[in-house]
Amino acid sequence: MASGKGSGTKMVVWGILGLLILGLGGFGTANFGGGVTRVAAVGDEEISVNDYANALQSQISAIEAQTGQAFSVAQAENFGLSQQVLDQLLSQAALDAETARVGLSVGDDAVRRELLAIDAFKGVDGKFDTAAYKDLLARNNMTDKGFESDLRKDAARAILTGALATGITMPPSYGQVVVDWLGERRTISVATLDADALETGVPIASEADIQSWYDAHPEAYTAPEARRITYAWLTPAMIMDQVDIDEETLRKLYQENIDSYVQPERRLVERLVFNSEEEAQAAADRIASGETTFDEEVAARGLDLIDADMGDVSQDDLSTEAGAAVFALKGTGEVGPVMSDLGPALYRVNGTLAGSEVSFEEARNELAAVMSTDAAARLISGLLEEFDNDLAEGYTLEELADETEMELGTLDWTTESEGGIAAYTAFKEAAAQVTLDDYPEIIELSDGGVFALRLDAIVPTTVKPLDEVREQVAADWEADALQQRLTERAEALETEVASGASITDLGLPSETFEAITRQDFLSNMPDGFMDAVFAPGLTEGGTTLISGEGRVVIAKIDSVEDPEPSDENAAIAQSYITSAAQGAATDVIDAFSAALRAREGVTINQTALTAVHSQMQ
């Protein structure tokens, strides 16, 4: 528990490390100038501008890595991320102040162990590289003394939070309650009633039924507010027939993209590099004799397998000697030692990915389409100035379409519109923003096309005429009527089952699900089935109805059993107990930190915070 919580408080140190590893530079290189040195303090324990900037940048980088999209400082402020980072640093500073007050610290050996364990400072041989360590810190305007001071504080803080968390546990009953709920087993018999089981047949809507349903449910047939738009547009697809395809250019395009069409054989490879050929040979001999394995040799170097993994490589990706040896191997296994780009190495081949080749003839149609589209897009690009000038001279969209290659169209656009020009994001954005007073302007499309639009009118929400939606109204009435009749019949049959009749005696399709749990999924049952048959208060012998999808399922609970004793259930129970205990420990540490902040007092330099945010933009 102490160890887990301790690792959760390494915000500044690991934030800095994340920036070092990613090569983002951090804010160690920033120059905030003047006398601005801190953004906040708890008592006498300061939070420096660099600590705050590094921590914030680390969180922003993590979000960008998860989403694959840029995340700005302004967004961090709007979403409260910057405040969250500051709060975490204030809590950390409060704990640091307390460790200093009570004289809690760690020795140089503990700091050294932490430092040597950081992968960012290791060389290609897996060992701590002093030069790399100092170089990384220097490039981020940091000193080894300052960095090691942070490590020392972090270790002391981990001792304090570990002491606070020690002894916090949850009773076994906490996990058992979860397992009892998740693992409870029920055997359930079901019978399915659908339209085929109705003696009266499927209900058919009359004109009176259709009118009545239409009048009672106007919201179902109301068209949303629409924007009546006239537009002129031109896309590469519209003028591709005007583009000449040159065979020689096609072949050149094929060669320029040859890697997309000709894939050499690739192999899944791991590489272990040694300082000398003698060391590499000794390791190869140990593996060959069965004394060790490749995995064990990797571990003996203080590395993980991921450190040796090269992924899938072609022969050209390896050195001449290594490539020949690796690709001469039949099947899987080890080869070497051979000379790699980094020195003598052993290689292990874990699999082979066969090569493939798409000939020019097979790729020609695809290449022609690409070339035609690209040429047509360039042709449209050359017409942009002409289109702009025509609109500037007062051309209407109708006149623009008459005088140029552009095509005219109209539509009542809503956010639900799709297909045609409405499929383009640029058009959707323009259609949503255009006003009645705007003049048309040329806007580019993602495929190289262009368009201009005009808002003619705002069409308010209106109920669609009955004749326009008659088929939908009839279908809706019939579906509702069918469900009502099925439910009435099912309720009568359910009464029989509750009185002792067997599910199998109802004359309906039936089946039994043996010892299912809430975690099971029954694809042939309607939505809500599992919730219904595991509903609170529904006990052995009870019945329930589940309606939907044009059918009603009659379900009877044949038996209810406790969860099956198993290692999996025991693991689930322990997982919930551990998670709850960790949550309680976090709450204790947060409360302690809040008390320290209240006792010592918190000061925040808003000017410094603003300066950091401004420089990070």
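Me: Which element supplies the largest share of the lining of the second largest pocket?

Reply: Rolling a probe the size of a water molecule over the atoms shows where empty space is left. A pocket is an open set of points on a 1 Å grid over the protein atoms alone where a 1.4 Å probe fits, with protein on both sides within 12 Å along at least five of seven lines, and lining residues have an atom within 4 Å of a point. In this structure the largest share of that lining, three residues, comes from strand 7, a strand being a DSSP run of E of at least two residues and a helix one of H or I of at least four, numbered from the N terminus. This is a predicted model, in which local features need pLDDT of at least 70 and side-chain atom pairs pLDDT 80 or more, while totals for chains, interfaces and linings use all residues. Residues are numbered from 1 along each chain as its sequence is written, and side-chain values use heavy atoms, with hydrogens and water left out.

Me: Which residues lie nearest the centre of the second largest pocket?

Reply: Among the 18 lining residues, Gly-123, Val-124, Gly-126, Leu-303 and Asp-307 lie nearest the centre.

Me: Is Thr-404 buried or exposed?

Reply: Buried means under 20% relative accessible area and exposed over 50%, with partly exposed in between (1.4 Å probe, protein chains only). Thr-404 is buried, at 15%, and sits in the loop between helix 19 (397–403) and strand 12 (407–413).

Me: Where is Gln-617 placed?

Reply: Gln-617 belongs to the segment after helix 24 (606–616) and is exposed, with a relative accessible area of 60%. Its C-alpha atom is separated by 7.0 Å from that of Ser-72, 545 residues apart along the chain.
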